[in-house]
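Thanks, everyone; please have the sequence and the model open while I talk.

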Amino acid sequence: MKRLRALEPLAWVGPAVVLIALVVLWPVVEMIRSSFLKISRFGVIQGGNGVANYEKLFGEKDFSDIMLRSVIWVVAVVALTVLISLALAQLFNQRFPGRKLARWALIAPWAASVLMTAIIFKWMLDPEVGVINQIRLKLGLIDAMGGASADQLGDASTAMPWLVFVAVFVSVPFTTYALLAGLATIPADVYEAAKMDGATRLRTYWSITLPLLRPALTVAALINVMNVFNSFPIIWAMTHGQPGYSTATSTILMFILKGSNIGESAAMSVVNFGMVIILTAIFLKVSRWNKEVA
């Protein structure tokens with residue numbers, strides 16, 4: 001009887017464990033296994049391939065540049081998203097006319113399809129008829145439509161900032177709402193005590209709000225790190241990683257390789273998986289997520 005009672009929790013935990021095993025663990029195992037196989041472009045397994053897939057991947061001339069760009073992409077998007085969201089969360093936490101409408105408006109970029117948003121921005125940046133270039137033309141910022149300076153997505157120096165902008169645009173709503181939820185948990189009497197002690201607004205925000213907001217900030221930033229590193233629709237819809245591989249990240253490279261060498265693409269997936277773990281570990285170490293707020 002006691003043994004049966006000891007097994008009771010499995011009735012509740014068991015289904016979740018099975019789901020995690022099927023949805024998370026099994027694909028990871030298959031991904032790693034595939035990276036050591038020789039697979040035709042049609043998905044036919046032609047036998048083992050040892051570490052040849054990894055050797056070929058690391059031998060790609062653009063591999064190191066793409067990996068460095070992927071890290072810069074993650075850091076830039078997440079850092080800007082967090083900074084903007086902190087400001088918006090603080091603003092929307094105040095009472096002002098139209099606050100409810102402003103909060104609803106903030107949801108729009110998040111509620112819309114990421115792919116649809118990326119395509120809209122690509123249309124807006126069209127060198128011939130894009131509304132952004134039309135505005136630039138009216139302001140005299142470009143001499144004639146269709147020139148090299150008009151194609152913002154045709155050069156990495158201008159395309160990457162736009163890609164970062166769109167990624168931040170779709171990431172800010174979730175992050176802001178996560179921080180708003182965190183702000184709602186901070187007791188009002190803490191601010192009252194700070195006010196009585198004569199603390200300035202800046203001092204109160206730095207010494208009280210940010211430390212107490214750290215759990216929500218950590219979760220929001222961590223989710224953004226994983227999402228942005230694995231982000232595919234924005235870059236693919238706007239530039240396809242072109243010109244060349246100058247706007248490609250590791251996820252884009254993985255998709256491109258899939259069309260010619262599935263085994264090498266699987267190897268890229270394993271590298272991606274490892275990079276996500278490393279970036280997550282570094283972030284958790286830097287954020288000191290398990291340290292209690294003094």
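If we set aside residues up to four places away in sequence, T239 touches L153, A159, L163 and T247. Please keep in mind throughout that this is a predicted model. T239 is found in the loop that runs between α10, residues 233–238, and α11, residues 250–258. Is T239 buried or exposed? With a relative accessible area of 7%, T239 is buried, because the cut-off for that label is under 20%.

L163 comes up again when we turn to W73, which, leaving aside its neighbours within four places in sequence, is in contact with M160, L163, V164, A167, V228, S231, I235 and T249. W73 also belongs to the largest nonpolar core, a set of 58 residues in which L57, W73, M238 and M268 have the most contacts inside the core. Which helix gives this core its largest share? That is α7, from which 13 residues of the core come.

In α6 itself, which covers residues 131–138, the buried residues are I132, N133 and R136. Seen down the helix axis, these buried residues fall within an arc of 95°, and they therefore line one face of α6.

A188 has a relative accessible area of 55% and is exposed. Between A188 and L257, which are 69 residues apart along the chain, the C-alpha atoms are separated by 54 Å.

Finally, a word on the annotation. Under "transmembrane region", an unreviewed UniProt entry lists residues 12–29, 71–92, 104–125, 162–184, 205–229 and 266–284. In the model, the span of residues 12–29 is 100% helix and 0% strand, with its end C-alpha atoms 25 Å apart. Residues 266–284 are likewise 100% helix and 0% strand, and there the end C-alpha atoms lie 27 Å apart. I will stop there and take comments.

Definitions and conventions. Residues numbered from 1 in each chain as written. Predicted model: local features only at pLDDT ≥ 70, side-chain atom pairs only at ≥ 80, totals over all residues. Heavy atoms only, no water. Buried < 20%, exposed > 50% of the residue type's maximum accessible area, 1.4 Å probe, protein only. Helix = DSSP H or I, 4+ residues; strand = E, 2+ residues; numbered from the N terminus. Arc of directions from axis to C-beta. Contact = heavy atoms within 4.5 Å. UniProt positions renumbered as here; feature names shortened; annotations may be inferred. Core = buried A, V, L, I, M, F, W, Y, C linked by side-chain atoms within 4.5 Å.
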